Amino acid sequence: MRKTMVLFAVSGLLGINPAAMAAEFDGETELVFGEPGQVTFDATELKTVFPAPEKPLEFDTWHDFYAFSEEHLNAAPLMREGSQIGIELAFEMIGQGYIPDEKTETLFAVGNPVTAFLSGKAGYIIVGGQQFCLAEDDCEAGAGLAAMMATPMALFDEIDTQVACDGEQENCAEFQSVNLHRSWRHIARGSTTQTRGGYQANSRFCWRFGFIPWACSEPTGEHELESRVRLCDGTGLAIFDRPLWGQNEPRVQFGFAAYFFGFEPAERLVGTWSSHESRGTTFTLDGVTSAGTQWCAPF
């Protein structure tokens with residue numbers, strides 16, 4: 001099922017034909033639901049404007065947060081002994097999303113799309129009046145975030161990032177594997193990103209209809225990205241094994257996220273192993289990254 005998140009609907013009020021201006025502005029990232037617990041963030045073909053909250057989402061209880069995630073992200077319930085203790089979600093994203101910031105007139109690049117969808121630029125949510133950080137790189141205590149909630153306890157953290165360039169340094173790509181176990185969240189993912197040369201979207205902040213913060217892009221070049229991500233449990237068994245391709249897209253990624261409270265979920269995804277390739281008309285860049293290699297066998 002395809003679920004399109006519409007951020008603004010003002011063209012009817014202004015008497016403007018959106019089709020007449022479509023070439024000047026990027027589109028909105030779409031959420032495509034698969035089976036329960038599966039979602040694709042479709043940012044292909046310059047659908048770069050990402051649906052994120054302007055301020056941290058607030059929930060009375062964790063179960064309210066779980067219900068929201070199940071409805072709006074197609075998350076699946078994480079169960080233990082017949083009771084729900086959280087939510088879990090396998091996700092993929094093709095393309096690069098951005099959150100426009102009207103105060104600074106800049107674009108906030110989306111890293112983990114699940115985190116961005118739930119917590120926006122702030123990186124945290126509020127549950128029962130308390131702040132809980134969801135961001136992969138932790139939240140800053142100074143920006144209105146309670147210091148005790150700034151950094152969830154790290155149970156296991158590993159990030160492997162590599163950059164590959166051709167001999168002339170004209171074409172470069174970043175390869176990454178991530179595996180983060182924290183006290184109320186677990187994230188495992190792999191991504192391939194073209195950082196120089198090949199296809200570039202050249203996205204920038206702009207104003208749509210003169211007052212709506214938006215993104216505009218001027219694409220150049222061409223390439224094909226490939227990323228194969230394997231997520232493994234403690235025995236080395238691949239729970240997820242996903243190949244992804246992006247033709248003239250700046251980034252592809254696949255991953256898994258779980259959010260919970262009061263319990264540590266089953267340690268079933270403790271290894272991430274990714275192979276990456278970027279192919280252009282005059283270059284080929286490839287590599288392998290891993291986070292928790294001892295638990296995740298290569299292909």
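Okay, let's start with H3: twelve residues, reaching 16 Å from first C-alpha to last, close to the 16 Å expected at 1.5 Å a residue (the expected span being 1.5 Å times one less than the number of residues). Helices here are DSSP runs of H or I with at least four residues, strands are E runs of at least two, and both are numbered from the N terminus.

Before going on: this is a predicted model, where local features need pLDDT of at least 70, side-chain atom pairs count only at pLDDT 80 or more, and totals for chains, interfaces and linings use all residues. Residues are numbered from 1 along each chain as its sequence is written, and side-chain values use heavy atoms, with hydrogens and water left out.

So, which residues of H3 are buried? Trp62, Phe65, Tyr66, Ser69 and Leu73, where buried means under 20% relative accessible area with a 1.4 Å probe, protein chains only. They cover an arc of only 100 degrees around the axis, which puts them on the same side of H3; that arc is taken from the directions from the helix axis to the C-beta atoms. Just after H3, asparagine 74 has a positive phi of about 65 degrees.

Now the largest nonpolar core, with 36 residues: Phe41, Phe50, Phe65, Leu73, Val114, Leu118 and Tyr259 touch the most other members. By core I mean buried Ala, Val, Leu, Ile, Met, Phe, Trp, Tyr and Cys residues joined through side-chain atoms within 4.5 Å.

Last one, serine 119, in helix H4 (residues 113-119). Serine 119 is buried, at 1% relative accessible area.

Terms used: Buried means under 20% relative accessible area, exposed over 50%, partly exposed in between (1.4 Å probe, protein chains only).
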